[in-house]
Amino acid sequence: MFKTSLFHKWYDREMEKNCKVCHQAFEPEPGFYYGAMFVSYAFSVAITFVVGMVLFHVFGDPEMWVYVVSLLGVVGLVWPLMYRYSRAIFLHVFGGIRFDAKYAND
Ligand SMILES: [Zn+2]
């Protein structure tokens with residue numbers, strides 16, 4: 001789906017136009033991925049909740065700046081993952097992609 005691996009060039013955000021195996025278009029219509037912001041937002045909410053709960057239980061409700069700095073650090077570390085997975089999830093849910101067994105072994 002993306003031109004480079006996350007582990008090779010984590011900062012690269014370029015996507016292929018089509019799947020190399022089945023030729024499925026990765027951008028069904030212009031501006032399609034604006035909706036992926038909502039998936040990314042859901043990831044952020046989940047991360048905020050988890051980081052908040054961990055800090056609260058491990059450090060016994062630290063000051064607000066600890067929450068903010070920790071959250072910014074964690075989100076800063078995982079944003080390449082969030083970017084790629086939010087696009088992939090959005091494409092699979094709203095992009096009309098269906099599994100086709102014909103391409104399963106390619
Ligand atoms: Zn494909």
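**View 1. Asp-61 in the loop between H1 and H2**. Asp-61 counts as exposed because it has 11 C-beta neighbours inside 10 Å (buried means 20 or more other C-beta atoms within 10 Å of the residue's own, exposed 12 or fewer, partly exposed in between, with C-beta atoms placed from the backbone). Its phi is near 55°, a positive value in a residue other than glycine. Most residues other than glycine have a negative phi. The model is predicted: local features need pLDDT of at least 70, side-chain atom pairs count only at pLDDT 80 or more, and totals for chains, interfaces and linings use all residues. Residue numbers start from 1 along each chain as its sequence is written.

**View 2. His-23 in the segment before H1**. His-23 is not a glycine, yet has a positive phi of about 65°. His-23 is exposed, as 9 other C-beta atoms lie within 10 Å.

**View 3. The packing of H1 and H2**. Helix H1 covers residues 36-59, and helix H2 covers residues 64-94 (helices are DSSP runs of H or I with at least four residues, strands are runs of E with at least two, and both are numbered from the N terminus). The two helices pack at an angle of about 145°, with their axes 8 Å apart (axes are lines fitted to C-alpha atoms, for helices over the stretch in contact, and angles run from 0 to 180 degrees between N-to-C directions). Residues of H1 that meet H2 include Phe-43, Ile-47, Val-51 and Leu-55; on the H2 side, Leu-71, Val-74, Met-82 and Phe-90 are among them (contact means C-beta atoms, placed from the backbone, within 7 Å). The contact of H1 with H2 is made up of 15 nonpolar residues, six polar and one charged (Ala, Val, Leu, Ile, Met, Phe, Trp, Tyr, Cys and Pro count as nonpolar, Asp, Glu, Lys and Arg as charged, and the others, Gly among them, as polar).

**View 4. Val-78 in helix H2**. Val-78 is partly exposed, because 14 other C-beta atoms lie within 10 Å. Val-78 belongs to the H2 side of the contact with H1, and Ser-44 to the H1 side. The C-alpha atoms of Val-78 and Ser-44 are 9.9 Å apart, although 34 residues separate the two along the chain.

**View 5. The C-alpha trace of the chain**. The chain has two helices and zero strands. Along its principal axes the trace spans about 55 × 30 × 25 Å. Of the 106 residues, 7% count as buried.

Key:
Contact = placed C-beta atoms within 7 Å.
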